[in-house]
Amino acid sequence: MTAVLPERRTEYDVERIRRDFPILHRTIRGKPLVYLDNAATTQKPQAVIDRLVRYYSEENSNVHRGVHYLSEVATAAYESARTTVKKFVNARDEKEIVFTRGTTEGINLVMSSWGRRNVAAGDEILITAIEHHSNIVPWQLLCEEKNAKLRIAPVNDAGDVIVDEFAKLLTRRTKIVAFGHASNALGTINPVKKMIAMAHANGSVVLVDGAQGVPHLDVDVQDLDCDFYAFSGHKVYGPTGIGVLYGKQALLEAMPPYQGGGDMILSVSFEKTTYNALPYKFEAGTPDISGVIGLAAALDYVGSIGLRKIAAHEHDLLLYATARLKEIPGLRIIGTAAEKASVISFTLEGVHPHDIGTILDQEGIAVRTGHHCAQPLMMRFNVPATGRASFGLYNTREEADALIAGLTKVIEIFHG
Ligand code: C6P
C-alpha cells in the first residue's frame, strides 16, 4: 500500500539548523547518525556547548556567596538565566522560577512540600492514564503516607484522555490534579487549558508535567493558568541535570522548604533557622550553575528559531512519518490522537521492540524501545513495549525515510 504523502508546507531551513549541532555530523557504525530519540533527550547546539566552555574557561565560581569578581560574574549569569526562563514560559516574576534537576525533581518538590502540607487522609489526587512514572510514583508515595487516594482519568483507544471521565473524577476531595502537557509514549497533547480550568472550577490545584510540552509547544504559564509547571532542560536542547519548576508565587510562598542547606536560609542558629525568600527557599546547596547558564543558552537558541516554526516543522515530520509508517505491513501505531507532538510509538507484528531497536542501531538510527517509563500505559494498550521515534527541530523527512528503510530491513530479517 502506498500512502498519499502530505505536501511539505513549512519554510524552514533545516540544513542550516543541522549545521549548529556537531553531533549530527558523526557516523554510527559507519552510517550517518539518524537521531530519533529526542523525547529521551535532545542534542545540543554549538551555542550551548560554547556557553558551557566559556563558563568553565572564564567565569567559573560559586553563586550568591562571594564578593569577588568571578562570583559576581557567575551570579549575574545565573540570575540572568532565570530571567530568560521567566520570559520563555511567560511567568509573572523571577520568584516563580525555581531551578531543579529536572521534571522529576520538580514534581517531587511539589509532592513533598505542597502535598505533605495540604493532602490529608481520605483526600484524592487525580492523574491520567498516560502519565510518565515521574508523575505517578511521587503521588503514590504521598497517598501511601497520607492514606489518600490516587484517581486515574482513563484514555480512549486513540490515547486521548476522556475529558468527561476526567470531569467525573473531580470531587470535593480532589486536592491536586497532575497531568502531562504531552505524552512521551504516545505523543498525545492534552487539552491542558481546558483541564486546568475544570480543575480550578473544582477548587483543585494543578500541576502540569511539561517535560514533553516545552520542547514542542509555545508555553505561556499565565495563559494556561496552571499552578505548577515542571520541565527538563535536556529535552529542550539544554544540558542534563537542570530543570525548572514554575509555581505561582502565592503557592510557593506558602510552601515549606523542600531541602535544607546553603542558599535556602537567611540565618541559622541551633534554636531557629529562618528561610530565604523565593525562589532561593527551594534551591538548597550549590546549584547546577553551568546547567542553568547552558539552559538559558538553549532557550535563547530555540527562541531564535521560534517555537511556532519548530512546531510546524515537527508537525510536518509527524504527518509525513506517520503516513510512511502506515505503508509498512504489520506495523501498528500506538497513539492516534488528533493532537500529537512529534512522537510515534509503534509495534511490528512478530518482532520484539528491542530487536527493532538493535537492528535500527546497526543502520545508525537511534530510537527508543521499551515501556518509556509509562508501564501502566503499555498495559492499557496491551503491549509490553513499543518502538518510539521522536522528532526534534533538526530532523528531516529524509531521516523519516531512513527509518522506513531500516524497518523494511527488520521485516526482511524476521519474515524473509
Ligand atoms: N522521559 C523519555 O524517554 P526527567 O528524567 O526528570 O528529565 O524527565 C522525566 C519525565 C517526566 N515526564 C515526561 C512526560 C517525560 O517524558 C519524562 C522523561 C524520557 O520519554 C526519559 S524516561
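How far apart do the C-alpha centres of domain 1 and domain 2 lie? In this predicted model, the separation of those two centres is 28 Å. The contact between them takes 44 residues from domain 1 and 40 residues from domain 2.

Domain 1 is made of two segments, 14-46 and 306-415, while domain 2 covers 49-304.

I turn now to the ligand. The largest pocket is the space that the ligand takes. Both domains contribute to the shell around the ligand, with at least three residues drawn from domain 1 and at least three from domain 2.

Which residues come nearest to the ligand? There are 16 residues around the ligand, and those that come nearest are Thr 104, Asp 209, Gln 212, Ser 232 and Arg 368.

For Arg 368, a polar side-chain atom is placed 2.5 Å from an oxygen atom of the ligand. Asn 184 has a side-chain N or O atom at 2.7 Å from a ligand oxygen. In the case of His 234, the distance between an N or O atom of the side chain and an oxygen atom of the ligand is 2.8 Å.

How much of the ligand's accessible area does the protein cover? On its own, the ligand has 510 Å² of accessible area, and the protein covers 86% of it.

How values were computed: Residues are numbered from 1 along each chain as its sequence is written. This is a predicted model: local features need pLDDT of at least 70, side-chain atom pairs count only at pLDDT 80 or more; totals for chains, interfaces and linings use all residues. Side-chain values use heavy atoms; hydrogens and water are left out. A residue is near a molecule or strand if one of its heavy atoms lies within 4 Å of it. A polar contact is a pair of N or O atoms within 3.5 Å; within protein, one must be able to donate a hydrogen and the other to accept it, and residues adjacent in sequence count only if both atoms are side-chain atoms. Accessible areas come from the Shrake-Rupley method with a 1.4 Å probe; for residues, only the protein chains shown count as cover. On a 1 Å grid over the protein atoms alone, a cavity is a set of points where a 1.4 Å probe fits but cannot get out, and a pocket is an open set with protein on both sides within 12 Å along at least five of seven lines; lining residues have an atom within 4 Å of a point. A molecule sits in a cavity or pocket if more than half of its atoms lie within 2 Å of its grid points. Domain bounds come from an automatic or database domain assignment. Contact means heavy atoms within 4.5 Å.
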